[in-house]
Amino acid sequence: MEPILKMQYLRKYYGKSPNQVKALDGITMEVMPGEFLGIMGSSGSGKSTLLNCIATVVRADSGEMILEGTDVQSLKGRRLSEYRGRSIGYLFQNFELLDNLTGQENIFLPLSLHNVPQAEGRRRLTELASYLEITEVLHQFPAQMSGGQKQRVAAARALILNPKIILADEPTGALDSKNAKALMEKLEGLNRQENATILMVTHDSNAASYCKRILFIQDGVIFHEIRRDVPQESRESFYGRILQVMAQLGGGSANVL
């Protein structure tokens, strides 16, 4: 099976010597179709820069990034807009919902931005709203929703156009433990049932325990990898192995198991 996303020797530096920061220092990695991959590391390790490079919010200084045969680094104009709108779905930490739009209008926003008829998204919305349990808030404004409902509406928005890969940036960061667990169970279900490819940056070991594989980044370099090779391995066991690695980095998380 060919990887859906492949990076080779990706570099992103900020500033100049002697104060230069090597946010990404030669990252080489692959994401397989249908994978739920976690990226972990301490603050300043480069994990968010990596996600932003994939999203083309930040452009890498050098290296190669290929999504299904397309050189992402070379995209410009309309092709870049299509990539951002159709190839990737972005789930932010702070929801990024528009306060003056209802839940449904927020979810349909990508359709409008990319000239896709709303009729095309209605069947998909019905499926997503039912699975994410947000049907009752579709006609409410964000101010009328709980934090968990806002993030699930944001998840539906990220998924409405069936992107090739979902980028989740600390998706549980603004949620309490109950809503964080509920969201991760939904993302895990989408990965399992729809074969959705998810790349998630997180500092939360509990959230990461829902992943199938985790890459640990330190000082812009991938230094360790763990995976749930054995299907029978419990999430609690995987969580324990994550904590062992994070202990080396001085990281941890609250218990939402």
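Author: Let's begin with C53, which is buried at a relative accessible area of 1%; buried means under 20% relative accessible area, exposed over 50%, and partly exposed in between, using a 1.4 Å probe and protein chains only. This is a predicted model, where local features need pLDDT of at least 70, side-chain atom pairs count only at pLDDT 80 or more, and totals for chains, interfaces and linings use all residues. Residues are numbered from 1 along each chain as its sequence is written, and side-chain values use heavy atoms, leaving out hydrogens and water.

Now for the cysteine sulfurs. The closest one to the sulfur of C53 belongs to C211, 20 Å away, which is too far for a bond, because a disulfide is a pair of cysteine sulfur atoms within 2.5 Å. C211 counts as buried too, with 1% relative accessibility. The structure holds zero disulfides.

Next, look at helix α1, residues 47-54. Helices (H or I, at least four residues) and strands (E, at least two) are DSSP runs, numbered from the N terminus. Helix α1 lies across β1, β2 and β4, at about 120 degrees to β1; axes are lines fitted to C-alpha atoms, for helices over the stretch in contact (heavy atoms within 4.5 Å), and angles run from 0 to 180 degrees between N-to-C directions.

Those strands belong to an open, antiparallel sheet of four, ordered β2-β1-β4-β5, where two strands pair if DSSP finds at least two bridges between them. Its edges are β2 (21-31) and β5 (70-71), each pairing on one side only. Five antiparallel bridges join β1 (residues 5-14) to β4 (residues 62-67), and R11 has S62 in β4 as its bridge partner.
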